[in-house]
Amino acid sequence: MLVCFGAAWPFSIYKSYKSGSNKGKSLVFLFIVLFGYVFGIIHKVLHDLDAILGLYLLNSLMVAADIVIYWKNSRAATVKE
């Protein structure tokens, strides 16, 4: 699940960056997913430290990047208006 879901983030990030739009994006969804990854990281660190931690970290970084692009696109849309 982490590999497949993680494979989708680069496409989402690229689409958001190139389009300059947040159409079809939900900031609430992005934060829910990010919090899920953060809790997964906490669980791995406290109870089951293994290589899967790297997937949680990588995926959380990609979601964080998507959030930053979301904010950038929102600010650009506000300036255009």
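Contact here means heavy atoms within 4.5 Å. The structure described in this report is a predicted model.

**Overall architecture**

The chain has 3 helices and 0 strands, and from the N terminus on its elements run α-α-α. Along the principal axes, the C-alpha trace spans about 50 × 20 × 15 Å. Of the 81 residues of the chain, 31% count as buried. The chain exposes about 5600 Å², and carbon and sulfur atoms supply 72% of this area. Among contacts with a separation of 6 or more, 74% are accounted for by residues 24 or more positions apart.

**Helix pairs**

Two pairings that involve helix H1 (residues 2-19) are described: one with helix H2 (residues 27-47), the other with helix H3 (residues 52-80). Their axis geometry is set out below.

| Helix pair | Axes come within | Crossing angle |
|---|---|---|
| H1 and H2 | 14 Å | roughly 140° |
| H1 and H3 | 9 Å | roughly 20° |

**H1 with H2**

The axes of H1 and H2 cross at roughly 140°. Angles over 145 degrees count as roughly antiparallel, and those from 65 to 115 as roughly perpendicular; H1 and H2 are therefore oblique to each other. The crossing of H1 and H2 is left-handed. On the H1 side, Leu-2, Phe-5 and Trp-9 take part in the contact, and they meet Phe-29, Leu-30, Val-33 and Tyr-37 in H2. By class, the contact of H1 with H2 has 7 nonpolar residues, with no polar and no charged residues.

**H1 with H3**

The axes of H1 and H3 cross at roughly 20°. Because angles under 35 degrees count as roughly parallel, H1 and H3 are roughly parallel to each other. The crossing of H1 and H3 is left-handed. H1 contributes Leu-2, Val-3, Gly-6, Trp-9, Pro-10, Ser-12, Ile-13, Ser-16 and Tyr-17 to this contact. From H3 come Ile-52, Leu-55, Tyr-56, Asn-59, Met-62, Val-63, Ala-65, Asp-66, Ile-69, Lys-72 and Asn-73. The residues of the contact of H1 with H3 divide into 13 nonpolar, 5 polar and 2 charged.

**Residues of H1 in both contacts**

Leu-2 and Trp-9 of H1 meet residues of H2, and Leu-2 and Trp-9 also belong to the contact of H1 with H3. Phe-5 of H1 is listed in the contact with H2, while Ile-13 and Tyr-17 are among the H1 residues in the contact with H3.

Key: Residues numbered from 1 in each chain as written. Predicted model: local features only at pLDDT ≥ 70, side-chain atom pairs only at ≥ 80, totals over all residues. Heavy atoms only, no water. Axes fitted to C-alpha atoms, helices over the stretch in contact; angles between N-to-C directions. Helix = DSSP H or I, 4+ residues; strand = E, 2+ residues; numbered from the N terminus. Left-handed = near helix turned anticlockwise from the far one by under 90°. Nonpolar A, V, L, I, M, F, W, Y, C, P; charged D, E, K, R; others polar. Buried < 20%, exposed > 50% of the residue type's maximum accessible area, 1.4 Å probe, protein only. Areas by Shrake-Rupley, 256 points an atom, 1.4 Å probe, with all protein chains shown as cover.
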